[in-house]
Amino acid sequence: MTAAYQKPRRLSGDLVIATHNAGKLREINQILAPFGLTARSAADFGLPEPVENGYMFSENAAIKAHAAAKATGLPALSDDSGLCVDALDGSPGLFTADWCGNPRDYAAAMARVEHELKRRHASDYSAHFTCALVVAWPDGHEELFEGRVFGKVVFPPRGPEGFGYDPCFQPDGFNETFGEMDAEQKNGIDWNTQPPRALSHRARALVAFVQGCLQNAE
């Protein structure tokens, strides 16, 4: 017997963004601003970063979201995202941030991607960004949404915009890298189209979140 479909749970009021990444927080807040949510980061609450020991992006996102929801008593939104390069067997993937070291050095991480591709004599630089987004409530309930954008990695990296690996990722159908796009081009959402048009992996995941938890939820 097939279980009955249940609409996602509706979200309103205060929301914790379970991240310490300022660039990621800025992007999420820009996208959520029109929907009246009051969003604060995990750093605003002085929360430590939990150990991300999942085997999938969705598992790591859930770890962070549930930790923040439990600590604050508020719904918490978290994403886990990464760059997956086909010729590197999907790396850096789950270890996208780890390739940057501590403190984070994204220039070194992008140089490592280029080095590994050259070491393998790769001719195909196809890649994609993926984003798994989880919103968790203090009672343990969660909702999962995902987004992907396909393209290729390019070298040398280009552009000062965005953050992370943006300067070396060029999405399909564009001549610019994410690092050469302003926030509106990369993350802007056209809500007048059906489905709403969005470019970045995070924007696409957030479109699904908005449709699920802010527009069509019970």
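Which residues does Leu206 touch, not counting residues up to four places away in sequence? The points below take up that question and others on this predicted model.

1. **Leu206.** Leu206 is found in helix α5. Leaving out residues up to four places away in sequence, Leu206 touches Ile28, Ile31, Leu32, Leu77 and Leu133. Leu206 counts as buried because its relative accessible area is 0%, the cut-off for burial being under 20%.

2. **Helix α1.** Helix α1 covers residues 22–32, and its buried residues are Gly23, Lys24, Leu25, Glu27, Ile28, Ile31 and Leu32. In an α-helix there are 3.6 residues a turn, so residues three or four places apart point the same way. The buried residues of α1 pack against the strands β1, β2 and β3 and against the helices α4 (183–187) and α5. The contacts of Leu206 with Ile28, Ile31 and Leu32 may be read together with this packing.

3. **The sheet.** Six strands make up an open sheet of mixed pairing, in the order β2-β1-β3-β4-β5-β6. The edges are β2 (38–41) and β6 (169–171), each of which pairs on one side only. From one strand to the next, the twist averages 35°.

4. **Pairing of β1 and β3.** Strand β1 (residues 14–17) runs parallel to β3 and is joined to it by two bridges. Within this pair, Ile17 stands opposite Leu77 of β3. On the β4 side, Leu77 stands opposite Val135, and Leu77 is also among the residues that Leu206 touches.

5. **Strand β4.** The pairing of β3 with β4 is antiparallel and extends over ten bridges. β4 also pairs with β5 in the antiparallel sense, here over eleven bridges, and Val134 stands opposite Leu144 in β5. Ten of the eleven residues of β4 are buried, so the strand is mostly covered. β4 and β5 form a hairpin with five residues between them, and in its turn Gly140 has a positive phi of about 100°.

6. **Helix α2 and Ala69.** Helix α2 lies across β1, β3, β4 (126–136) and β5 (142–153), and runs at about 160° to β3. Ala69 is found in this helix. With a relative accessible area of 0%, Ala69 is buried. Setting aside neighbours within four places in sequence, Ala69 is in contact with Leu74, Ala76, Ala136, Trp137 and Pro138. From C-alpha to C-alpha, Ala69 and Asp182 are 32 Å apart in space, and they are 113 residues apart in sequence.

7. **The largest pocket.** What is the volume of the largest pocket? It holds about 880 Å³ of space. Its lining has 38 residues, and those nearest the centre are Lys24, Glu52, Lys64, Ala97 and Arg104. Two or more lining residues come from each of α2 (57–72), β3 (76–85) and α5 (201–215). α2 gives the largest share, five residues. Sorted by class, the lining has 16 nonpolar, twelve polar and ten charged residues. Lys24, one of the residues nearest the centre of the pocket, is also one of the buried residues of α1.

8. **The loop between β3 and α3.** Most residues other than glycine have a negative phi, and most peptide bonds are trans. The peptide bond from Ser91 to Pro92 is cis, with omega near 0°, and Pro92 has its place in the loop between β3 and α3 (106–119). A cis peptide bond also joins Asn102 and Pro103, where omega is about 5°; Pro103 is found in the loop between β3 and α3. Asp89 belongs to this loop too, and its phi is positive, near 60°, although the residue is not glycine. Asp89 counts as exposed because its relative accessibility is 65%, and the cut-off is over 50%.

9. **His121.** Is His121 buried or exposed? His121 is exposed, since its relative accessible area is 72%. The residue has its place in the loop between α3 and β4. His121 is not a glycine, yet its phi is positive, at about 55°.

Conventions: Residues numbered from 1 in each chain as written. Predicted model: local features only at pLDDT ≥ 70, side-chain atom pairs only at ≥ 80, totals over all residues. Heavy atoms only, no water. 1 Å grid on protein atoms, 1.4 Å probe; cavity = no way out; pocket = protein on both sides within 12 Å on 5 of 7 lines; lining within 4 Å. Points joined across faces, edges and corners; volume = space filled by probe spheres on them. Helix = DSSP H or I, 4+ residues; strand = E, 2+ residues; numbered from the N terminus. Nonpolar A, V, L, I, M, F, W, Y, C, P; charged D, E, K, R; others polar. Pairing = 2+ DSSP bridges. Axes fitted to C-alpha atoms, helices over the stretch in contact; angles between N-to-C directions. Contact = heavy atoms within 4.5 Å. Buried < 20%, exposed > 50% of the residue type's maximum accessible area, 1.4 Å probe, protein only.
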